[in-house]
Amino acid sequence: SRFPVCDGQLDKTLGLVRAKDLLADCLAGERLKLHQVMQEPLFAPENAQALQVLERFRETGIHLAMLVEEYGGIEGLVTSFDVLEAIVGDIPTMDELDQPPIIQRADGTWLVDGLISIDDFKRTFEIRSLPGEGMYQTLAGFVVFMLGSLPAPGNHFGYGGIRFEVADMDGRRVDKVIIEMGPTAEPPDVDEAGEEG
């Protein structure tokens, strides 16, 4: 929704423009006048703490900051949304909220959202208990617990007649998991000790 305006190169950032301001000019048939709609840029050091940047956003009302490295060059930009996601985790978009957390695929496997609560996952697949319960709250947490390290797409393991495979990562978070049931395609019956019953 916002774009930096630069003079020939990114290190010479002049300001920011909002897409909606440009759209209004376009719809009115006018030439784009960047200098008239340009806002003052907000700069922050690249090693600034997330809460410091959020405080600057709050003070200025500007929700996009250009990150400056030690030699004065522009390293990139960060928005208030980026900072909030870094603190609280992935914030789903409206499109993502419309997607069901569990989808059965044509090949009989299931594509499951990593953020589904472990209780909902167990209830859906009729599992009584899983190893390490209490040390994680989501399917993503369970996958990391079982693998013992930060996974990558394609990492997999088996437990209780179920094959778990990391389908996608969102940064350092397990985003999607492929669930494949055992040969009988029936959900496993796992007792409190974690053994199949």
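Analyst: **Cysteines, helices, core and charges**

Cys6 is partly exposed, at 29% relative accessible area (buried is under 20%, exposed over 50%, partly exposed in between; 1.4 Å probe, protein chains only). Cys26 is partly exposed too, at 45% relative accessibility. The count of disulfides (cysteine sulfur pairs within 2.5 Å) comes to zero.

This is a predicted model, where local features need pLDDT of at least 70, side-chain atom pairs need 80 or more, and totals for chains, interfaces and linings use all residues. Residues are numbered from 1 along each chain as its sequence is written, and side-chain values use heavy atoms, without hydrogens or water.

Strands β1 (residues 2–7) and β2 (residues 9–18) run antiparallel, joined by six bridges. Strands (E, at least two residues) and helices (H or I, at least four) are DSSP runs numbered from the N terminus; two strands pair at two or more DSSP bridges. Phe3 faces Val17 of β2. One residue lies between the strands, and Gly8 takes a positive phi near 85 degrees in this hairpin.

Next is helix α1, residues 19–27. Its buried residues include Asp21, Leu22 and Asp25. They span an arc of only 95 degrees around the axis, so they sit on the same side of α1 (the arc is taken from directions from the axis to the C-beta atoms). Lys20 and Leu27 are exposed on the other side of α1. The cover over the buried residues of α1 includes β2 and α2 (34–37). Gly29 follows α1, with a positive phi near 75 degrees.

Now look at α7. Here Leu139, Ala140, Phe142 and Val143 are buried. Seen down the axis, the buried residues of α7 fall within an arc of 160 degrees, so they line one face of the helix. They pack against β7 (110–113), α6, β8, β9 and β10 (contact is heavy atoms within 4.5 Å). Just after α7, Gly148 has a positive phi of about 80 degrees.

The largest nonpolar core has 23 residues, and Phe121, Leu139, Phe164 and Ile179 touch the most other members. Such a core joins buried Ala, Val, Leu, Ile, Met, Phe, Trp, Tyr and Cys through side-chain atoms within 4.5 Å. Two or more residues of this core come from each of α6 (118–124), α7 (139–147), β8 (156–159), β9 (162–170) and β10 (173–181). Leaving out residues up to four places away in sequence, Leu139 touches Val112, Asp113, Gly114, Ile116, Ile118, Phe121, Phe164 and Val177. Another core, of 13 residues, lies apart from the largest one; Phe57, Ile62, Leu64 and Leu67 are among its members.

Last, the charges. The structure holds 10 salt bridges (a Lys or Arg side-chain nitrogen within 4 Å of an Asp or Glu carboxyl oxygen). In one of them, the side chains of Glu55 and Arg58 meet at 2.6 Å, N to O. This pair is three residues apart in helix α3 (residues 50–60), which means about one helical turn separates them. Glu55 is partly exposed, at 32%, whereas Arg58 is exposed, at 61%.

Asp170, Arg173 and Asp175 form a network of salt bridges. Arg173 pairs with Asp170, the closest N and O atoms being 3.2 Å apart. Arg173 also pairs with Asp175, with closest N and O atoms 3.3 Å apart. Arg173 is buried, at 16%. Asp175 is buried as well, at 15%, and Asp170 is partly exposed, at 34%.
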